[in-house]
Amino acid sequence: MSDIVLETRDLVKHFPLTRGVVFKKQIGAVRAVDGINLQLRRGETLGVVGESGCGKSTLARMLVGLETPTSGDLFVQGKNMSKVGAAERRRGRRNIQLVMQDPYTSLNPRMTVGDIVGEPFEVHPDVLPKSKRRARVQELLELVGLNPDHINRYPHQFSGGQRQRIGIARALALNPEIILCDEPVSALDVSIQAQVINLLEKLQNELGLSYIFIARDLSVVRHIADRVAVMYLGKVVEIGTEDQIYENPTHPYTQALLSAVPVPDPKLRGLRDQIVLTGDVPSPANPPSGCRFRTRCWKAQDICAQQEPALAVREKSAHPSACHFAEVRDVVHAVE
Amino acid sequence: MGRYVIRRLLQFIPTVLGTMFLLHYMTSLAIQFSGNPVRALFGDRTPPPALLEAVTERLGYADPCLDQRGNPCFGLFFDRVADVFLRFDFGINLRQREVTELVADAIPFTLKLLVIAMVFEAVVGIAAGVWAGLRGGSFADNLVKISTVFVISVPIFVLGVVVREFVGVKFGNVLRDQAWIPEVISNGMFSPGFKPDYPFASLIIPGMVLGAVSLATTARLTRTSIMENIRADYVRTARAKGLANKRVIGVHTLRNSLIPVITFLGVDIGAAMAGAVVTETIFNVPGIGRLVTLSARTGESSVVIGVVTMLVLVVLVANLLVDILYAVLDPRIRYE
Amino acid sequence: MSDLTSAGTAIGGAPVGAEGPVPDAPATGGKERSASLWADARRQLVRDPVFMLAFVYVLVVGSMAAFPTLWTSQDPRNCSTDRSRLAPSGDHPFGFNILGCDYYSHAIYGARPSIVIAIMATGAIVVVGGALGLLAGYYGGWVDTIISRLMDIFFSLPFLLGAIVFLTVIKRQNILTIALVLFLLSWPTIARIIRGSVISSKDLDYVHAAKAVGASNGRIMWRHILPNAIAPMLVYATIVLGAFVAAEATLTFLGVGLQPPEESWGIMISDHQVYFLEDPWLLLFPCGLLVGTVLSFILMGDALRDALDPKFR
Amino acid sequence: MSTDVNVKLDALPGLDPNAMPLQVKDLHVEFRTRNGIAHAVNGVSFDLRPGETRAILGESGCGKSVTAQAIMGILDSPPGFITGGEILYRGVDLLKLPEAQRRKVRANRIAMIFQDALSALNPVFTVGFQLGELFRKHRGMSRKDGKARAVELLDLVKIPAAKQRVNDYPHQFSGGMRQRVMIAMALALDPEVLIADEPTTALDVTVQAQIMSLLAELQRERNMSLVLITHDMGVVADVADRISVMYAGRVIEEAPVDDIYASPAHPYTKGLLESIPRLDLKGQELSAIKGLPPALTNIPKGCAFNPRCRYAQDVCRQDPAPPLYQVSPVRTAACHFWKEVKGDV
Amino acid sequence: SGGGNDSDDAAGQAGGELRVYAAEPAFLLPSAGDDEPSIYVIRQLYRGLVKYNAETGAPENDLAESITSDDQKTWTIKIKSGYTFDNGEPVNADAFIRSWNYAAYGPNAQNNSYFMKRIAGIKDVSSEDPDGEGPKKAPEPKAKELSGLKKVDDQTFTVELSEPFSGFPTTVGYSGFFPMAQACVDAADKCNETPIGNGPYKIEGSWQHNVAINLVRSDTWKGEAGKPDKITYRIFADVDAGYAAFQAGELDVMYTLPPARYKEAKATYGDRLYEQPGDNFTYVGMPIYMPEFKDKRVRQALSLAIDRQSIIDAVFDGRFTPATGYIAPSFQGARENVCTYCKKDVEKAKQLLQEAGGWPAGKKLQLWANAGAGHDKWLQAVGDQIKAALGIDYELKVNLQFAEYLETADSKKFTGPFRLGWGPDYPYLETYLGPLYSTGADSNNSTFSNPEFDSLLQQGGSAKSIDEAIPFYQKAEDILVEELPVIPMWWGKVGAVYGENVDKFVWNAVSDADYGATSLKQN
Ligand SMILES: Nc1ncnc2c1ncn2[C@@H]1O[C@H](COP(=O)(O)OP(=O)(O)OP(=O)(O)O)[C@@H](O)[C@H]1O
Ligand SMILES: Nc1ncnc2c1ncn2[C@@H]1O[C@H](COP(=O)(O)OP(=O)(O)OP(=O)(O)O)[C@@H](O)[C@H]1O
Ligand SMILES: [Mg+2]
Ligand SMILES: [Mg+2]
């Protein structure tokens, strides 16, 4: 289906743990991403949420080619990136661009805005002749709401929100179809965050982009995403439309996650059914057997330790969920 | 930790062999290009060729490869390595004394000198650094800053000669005229150089001169480090705990601040050893530095290689010890 | 996150509208001030009296080295033992040295070898040490192992001892060989500095961003990593430049430095240090020039460090 | 634990047991930096009743942490200087106390939790040492007893296997546990006032929930007053009794929690609330506050918010800054047009 | 010369510890030590056949009863009886024969084998490498012992020289001819560290390298006893450091002074600065093998351009005596002002140079010296003066280390005037002539060759006595001052300082410092 612009099949990334004095031998691996299947449709926004360390960034880094997958395949517009030639791959990569989390560290402080936004053209000189680049960079700056005359300024002369716009302009330079946003607003103040989100939405409408939007802030994801994938310890535990996930979560982890989100409404205080998880996220180097969430799960049974639940549609869940006992539980809105 | 130490020890091997080869090649080239060092033993008198040959033979300079310019003399090198590591035989000098014996004679003096220098440097340097660091930007700070920079910029031999003449001779003579001053002070400490009667006291001033240069660096490093740490969050926490200022500085700031200082002191052992060349010459200390200088000048390759190799080992071991100390001081550093 | 200061002050403190194009900053003179880190640093340095003083001093010494005739019309080689050690006078402000040469012109001409050695050696360590450190830090693995071991070898040779051994072995003690030896023994330090800062900066987000765009290794090293590693290197280089000026003198004192009839401050100092009780000026003049130069470089390095360190902004 | 009463503290001159645990009056703090004077706090006032939770809300850099540090008396000085105001602990002006007595107030009476627990704990000492230190220095306990109390405290904040973990270093703990250690440290001497400076900003929501419920539980048990500094409107809604909203070093609105969420009286507060993504506004553009907060070295004339304010008129652009208008008997707002703002839903 | 103290008590007072400045000796074995620091110690530990009169330098029998010869070629030596080594071995004919054989035997590689070269059979106890520096090793020498040494009885032996040499009795006062005990020869390395001497002092402990050597009075010594009870040699690597120690009162005697402190020392110590003309010769050799230097007028011109005194004053604080001949002024047979070209005379220099056809235009005079010993400084002054007088620009070649420098000398590769020095091997004026200027001599680095000169030396060697020999040598010197194979620069000057507590300071005209004869004030 040509509607699917990006697809991953069993994408895995293990970081080897080595030990040894002269000859290093592998004694294990950090299973940062452990078999992920995702599909991204044209013009869609796929939100990815999960706790710190669950492998969101690693996934993003594999998608943009910063990290080679340990196994699994990545299809960009139907082409398997690990099977095609280098030139093809390069062209395929151009189609996916990245907006990073921290606007303070993701811009080279010694380069001007023009150089930063224009860098993709220098790396891929075939895209645009030299003479037209400057004009295009200014166009891009204007597109993301920055003054094109500021092309010669340095990043530190801009505020966080403006810097994030620079990052977005850079991502747009090569006319990609897919933009990967790895927590693009979590470093920004609330009042600025809204500006950036509005911009991203505007660009999507104007340019028909597809987004993968990674975030920890569930309300932001809800605002922007069409579909949401919930990750836990390197795996997707539940995936569905925004409504399915937020209104009818079926995986206990999703439920706990949602219930933990504070709601900016004092009237709901004490009325929310809050699930306070105990314990920490286990180490991805040594994940629990069977269901990875079982160590913190209140529903856990013996089977959870023995058998890993597949991400599938089950009896009581209308969308794929990786829980043996997937079922809807009303969380926040019970009292509305 | 043990593993780390083993790995570091294994790393010593290429370093030591590399250093030895470097020195071996340099000294071989020296002989190849500028002739048999034995000749200089006879000075103005041209020795009978037979005698020259006999001595050359005896000192191991007769290898024919030493006649071919540019020849790296691998054979000789491997013999030497075997001698050194298998038989602990470092060869003999031009006056036919064992290098091991030469070193054994010289090393106690250098060690004493180094200990004095390091203690002086550490104690005074850290004290001055703390004093200046706590009063950043004040008069005290500037005083320490300027005076330390000044000490760094005066060549050590000028400093040494001035100290010898003014402190050792002039001021010492004044002291020696006073009957009530104990001999150890007037004759021992304030002597213009090393004195066998006062093997320790007479090294104090030379040691201080040796330590003076790095004293400045130590003080500056401590100062910067203190100034950085005093702003650290955990120092703020310590204050918030209602601890007395003395404790906040002495316990919570100092230990963290000393970590880079200790590292520097470790590296500085090598530098101090080099500085000993000058100090030992000026203050007539029969130590290693002087030994190497004289041997290098007379072209005694076995001595140069032997002694410098041993010194390199000392420096490496010192650095290792410092790294271990570093790990002890800073539990965040976990090797393995 | 004290983003406020950096965001606000750079544009004159005026809040910037985020909706649509930002109006031009109400710059002081109508024209927008360039405000790269370097420009900021420069502005700060120009305002720092210590730095300016040191800088002027270095300029003076530099011009002595480059154009000695600007400073003196005397021939330093015009000597006569009849005038040996005559005290300073109007015509000869520094007096005469033991061979009866004009000491002032000596000091002027003596600046050149000292400065040239220091600059050549520093240049070499910056280029070679910098390049090796960059490669080691960036590629890691075997490249790093080999370069690191090589660094260890040179690093573990105590500086002066190593210099003595090399120079006595090389036997030709001229500007070139001394610079070479200073370079050989000091490049590991700068390589380590660079390696360290490369390792810490190669995982920075903006490097990843460039990689994600598809930038080549060469480009990443050259455009992204190096410029940001250059500040610590520059600071170190300034300080080491001063240290080399002093090292030349020390090597001469140890008898492995420059040889007469070359004129250098080191030779002047070590030749005359024995006279410092009788004719102290013979020692004081070259020593003063030397200490001044070393001091200036160190102070410049210090000021530079402060100016380039965002923490001190 | 609450039996440990520090007798000496009662000797504070002018101590009034019935006065409020904490009252800040017109606090001014400035930083004298190379780039000029940064007016980080420009007249902050609030009070705190026993057992009450007061939230201080505001964007990054608006002076929240500086206020907290000024109360604790741990401001970096220089460059920071308190240039005016009073900080009263049960009627005693802490700013006038000699350092030795002031020190006794810290941790004993007013304690603080920091935002970044990793950097706020000393990396080179074990957690047990850092906790035990409090008992040794303030209560004169032995090393052993101090350690025992440290274990109790770790138990209290629900750190599993406290007996073993007491000998671990901060970096060996996870983010949430570290924050719990911080809480334990703050509660060790049973203070009356706890200042929590963004205690959960660095944490995941699930961990945040753990920490906040732990804090709430402990606060309830001890009837402690809490100053909660944050910029998370959600967290505030969950726990605060009263809220002070800060902007550019000034409190611009002060009200009970329900009032603020129901009808903000300052355009900034209103803007903040509106910029939070909300379910009912899905698919619509978020309403953002335009522009940026001002630099504290160069605060605009008049109302500091005026360049970003859609209600701004000429009066707002002129000194003096709007005073705190009494919006209702229990709330104030520093806006000339608070009526319009409040009415505009 | 001699005592520098007015004390009339010629005997001096015995007792006390004399602390003296010393440099690290090379060896403490008589057969190996050939440098000043070594000899200064060896002479107190060991004694030989003759000693030199402190005042006149004339040889006097010490252990020898008599040294006689009819033909100056075969010498009969009778030894006084009753002397022993510290370990009890007797000092007899065997002791001398054994020691000299040990010194001469090639494979023993003793530096002083050089001094045995006049004794018959020297060629057979050393062997030459057949292929120079090639891979083959030198074969074992043909003989183990010198054929010229023959024992007559316990106290008598004969020495046969390869050629007649009237100065032989003088030469055996050199420490290289001192006897060594059998135990010493058997374990030479050990003996070097802990010498077994036969002299007035013996070592206390053993040699503390680079630190000190302590001598105490030996109870086996039968001759005239040394004055101090103890002699402590404090070893310094640097004269300046030593002088500082002297100034701080740590030393009683310092036999030399840092060049730059001479004036100061003179002012401070007055009478206690002991000065005496020395016998160390500094010269500038002429590479006669080069065409520019073939003409003696060029050499004369160069010599005339130099103002020696002015250089001595400027660079050495006046510590040397300008040379006006080729034989040390303190030596028997030396004459003053024999060298007419050794005074500055610019006019004459110019004229001579002109006569010789001038100096090749544009060619720089290359002046050679070895590195690191401070010679560059005065050589530069020499160059300056030549340049000023004759307009010849110069260039210094001063970066060869000593070994390489000497090899350059040996292989005659100097491309211009070169500095070298010469110290006498024995107190006999021949030592300044034969080794340096006779055709093909080892140290004749100028390649000077003059048949008349050679034959005069020959005649001097076979003269019946020293007095008869001297005129021949003086005639030979006359040839040198005209030909100038080397330009004489100056003679060293003894400049020793001693402390207030020194009663009588003794300096031997030949063997220099005599610490055993120096006495301390006793109260
Ligand atoms: N280069 C690496 N080597 C080893 N482990 C790694 C590496 N990069 C990431 N990891 C590990 O992989 C896991 C997933 O990391 P990742 O950065 O993808 O998490 P994340 O979900 O993005 O977290 P966050 O929300 O904190 O950004 C973590 O446990 C991390 O420690
Ligand atoms: N030590 C200091 N030196 C100079 N300026 C400082 C210092 N500490 C704080 N400031 C300034 O004071 C202002 C207020 O800082 P503060 O830390 O109180 O902000 P905040 O409201 O806590 O923000 P955040 O939410 O980011 O923690 C900032 O502009 C900051 O730059
Ligand atoms: Mg991430
Ligand atoms: Mg804060």
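How is chain D divided into domains? I looked this up first in the predicted model. Chain D comes as domain 1 (20–240) and domain 2 (255–276 + 289–342).

**Entry 1: confidence**

I checked the scores before going further. The model has an ipTM of 0.80 and a pTM of 0.81. For chain D I noted an average pLDDT of 84, with 95% of the residues scoring at least 70. Residues 1–7 of chain D are below 50, and this stretch has 14 contacts in the model beyond near neighbours in sequence. For chain C the average pLDDT is 78, and 86% of the residues score at least 70. Residues 1–34 of chain C stay under 50 in pLDDT. I also wrote down that the model gives that stretch of chain C 71 contacts beyond four places in sequence.

**Entry 2: the two domains of chain D**

I went back to chain D to see how its domains meet. The C-alpha centres of domain 1 and domain 2 of chain D are 29 Å apart. On the domain 1 side 15 residues make contact, and on the domain 2 side 11 residues do. About 1,000 Å² is buried between domain 1 and domain 2 of chain D, 65% of it on carbon and sulfur atoms. Which residues of domain 1 of chain D lose the most area to domain 2 of chain D? They are His39(D), Glu59(D) and Met233(D), which together make up 49% of what that side buries.

I then looked for charged pairs. Between domain 1 and domain 2 of chain D the count is one salt bridge. Glu59(D) meets Arg308(D) in a salt bridge, at 3.8 Å from N to O.

By residue class, the side of domain 1 of chain D that touches domain 2 of chain D has seven nonpolar, seven polar and one charged.

**Entry 3: chain B by itself**

I looked at chain B next. Its secondary structure comes to 12 helices and zero strands. The C-alpha trace of chain B spans about 85 × 60 × 30 Å along its principal axes. The domain assignment gives chain B a domain 1 (2–87) and a domain 2 (99–299). The centres of these two domains of chain B, taken over C-alpha atoms, are separated by 35 Å.

**Entry 4: which chains touch**

Which chains have the most contacts between them, among the eight pairs that touch? I found that these are chains B and E. I also checked two pairs that do not touch. Chain A and chain E have their nearest C-alpha atoms 42 Å apart and no contact. Chain D and chain E are likewise without contact, and their closest C-alpha atoms lie 47 Å apart.

**Entry 5: chain B against chain E**

I took the B and E pair in detail. The contact involves 46 residues of chain B and 55 residues of chain E. Chain B and chain E bury about 4,200 Å² between them, with 51% of it on carbon and sulfur atoms.

How many salt bridges does the rule find across the interface of chain B and chain E? The rule finds four. I noted one of them, in which Glu165(B) and Arg261(E) meet through their side chains at 3.4 Å, N to O. For polar contact, the count between chain B and chain E is eight residue pairs, both residues at pLDDT 80 or more.

I listed the helices of chain B that each supply at least two residues to the side touching chain E: H1 (2–34), H2 (49–59), H4 (99–134), H6 (156–177), H10 (245–282) and H11 (288–298). The largest share of that side, eight residues, comes from H2(B). The residues of the side of chain B that touches chain E divide into 19 nonpolar, 11 polar and 16 charged.

How values were computed. Residues numbered from 1 in each chain as written. Chains lettered and ligands numbered in written order. Heavy atoms only, no water. pLDDT = per-residue confidence, 0-100. Contact = heavy atoms within 4.5 Å. Buried area = accessible area lost by both parts, 1.4 Å probe. Polar contact = N/O pair within 3.5 Å; in protein donor to acceptor, adjacent residues only side chain to side chain. Helix = DSSP H or I, 4+ residues; strand = E, 2+ residues; numbered from the N terminus. Nonpolar A, V, L, I, M, F, W, Y, C, P; charged D, E, K, R; others polar. Domains from an automatic or database assignment.
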